[in-house]
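Please keep the sequence and the model in view while reading.

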Amino acid sequence: MIRYFFQDYILGQYIDWKSGECSFDGEEFVAFIKWVAEHSDGVDSEETPVEMLLGTMPEERLLDIMATVFGADFYMLNKTYFGEEVTTVGYPTAGGEVSHHGTLINQLGIVAASDKKEGAWQFIESFLSRENGRYIFMPARQDRLEEEIAKKAESKIPVYLPDGSREDFSAITEEEIEKFYAIIDEADFTSRNGIREEIINIVVEEMSLCLSSDKPYEEAAAIVQNRVKNMVQEEISSIQ
């Protein structure tokens, strides 16, 4: 729950990324961690639950915290599989806005201080203009994405139902396509590796000790405060 479900909330609620100040040593953070502990099994695992990989979610489960959107047929596939409407709510954030985690492949950028920007731009334009480009998931180019959606809307799409049977559908509605584009618009493509991942690892590492031993929550929170604050302020200093 800490690593995936509440990551955005923690990074936004308890860290001021402009000043470097943190508030992990306050009563609010301790109360939050205790609430999470009460609503989880207390086990820290790096592995994705099998039910999420195979689509065998129990009927009593109302929330899938790792649903992956591979294309415009996402809504149709899930709605058909579960037999009811599907809502993508995004991950909780400190400000209450919608947050979907976007994943990038073949990220390209130009160093701000480079004296070869023109040549770099030419390479990026050439890379993006490939007519026979192969895409593992979704293309970043709007025109290619629209082409893929049009092809799917015109073809039969197989759906494997909970009983193991297969049905072919070709009913991606305009409403579902609009919802799909909304997910892209709301997606946060900020890398979650580096300092963000390290901070969450620190929170899990230190606060988990309160579940597996008699270590006081306040003591663990004070350690989180010290470690994360130093890390964030070093990061801000390096950027400035």
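Which residues have the most contacts inside the largest nonpolar core? In this predicted model, they are Ile 2, Phe 24, Phe 29, Phe 32, Met 207 and Val 228, within a core of 32 residues. Helices α1 (7-13), α2 (27-38), α8 (195-212) and α9 (217-239) each supply at least two residues of this core. As a general matter, nonpolar side chains in soluble globular proteins tend to be buried together.

Setting aside neighbours within four places in sequence, Phe 24 is in contact with Ile 10, Tyr 14, Ile 15, Phe 29, Val 203, Ala 221, Val 224, Gln 225 and Val 228. Across the protein, 60% of the contacts with a separation of 6 or more are between residues 24 or more positions apart.

The protein contains 9 helices and 4 strands, and from the N terminus on its elements follow the order α-α-α-α-β-α-α-β-β-α-β-α-α. Of the 240 residues, 29% are buried. The accessible surface comes to about 15,800 Å², and carbon and sulfur atoms account for 52% of that area.

Glu 176, Ile 177, Phe 180 and Ile 183 are the buried residues of α7. Because these four cover an arc of only 115 degrees around the axis, they lie on the same side of α7. The face turned away from that buried side carries Glu 174, Glu 175, Glu 178 and Asp 185, which are exposed. The buried residues of α7 pack against α4, β1 (100-101), α6 (142-154) and β4 (187-188).

After α4 comes Gly 83, with a positive phi near 75 degrees. Further along, the loop between α4 and β1 holds Thr 93. Is Thr 93 buried or exposed? Its relative accessible area is 13%, so Thr 93 is buried, the cut-off for burial being under 20%. Beyond its neighbours within four places in sequence, Thr 93 is in contact with Asp 8, Tyr 9 and Ser 99.

The aromatic side chains complete the picture. A search of the whole structure finds 13 aromatic pairs. The rings of Tyr 9 and Tyr 14 have centres 6.0 Å apart and planes at 85 degrees, so this pair is edge-to-face; both residues are buried. Phe 123 and Phe 127 form a tilted pair, with 6.2 Å centre to centre and 35 degrees between the planes. Both lie in helix α5 (residues 117-128), 4 residues apart, about one turn of the helix. Phe 127 counts as partly exposed because its relative accessibility is 22%. Elsewhere, ring pairs link Phe 5, Phe 6, Tyr 9, Tyr 14, Phe 24, Phe 29, Phe 32, Trp 35 and Tyr 91 into a cluster. Within that cluster, Phe 24, Phe 29 and Phe 32 are also among the residues with the most contacts inside the largest core.

Conventions: Residues numbered from 1 in each chain as written. Predicted model: local features only at pLDDT ≥ 70, side-chain atom pairs only at ≥ 80, totals over all residues. Heavy atoms only, no water. Buried < 20%, exposed > 50% of the residue type's maximum accessible area, 1.4 Å probe, protein only. Arc of directions from axis to C-beta. Contact = heavy atoms within 4.5 Å. Areas by Shrake-Rupley, 256 points an atom, 1.4 Å probe, with all protein chains shown as cover. Core = buried A, V, L, I, M, F, W, Y, C linked by side-chain atoms within 4.5 Å. Phe/Tyr/Trp six-rings, centres within 6.5 Å; stacked < 30°, edge-to-face > 60°.
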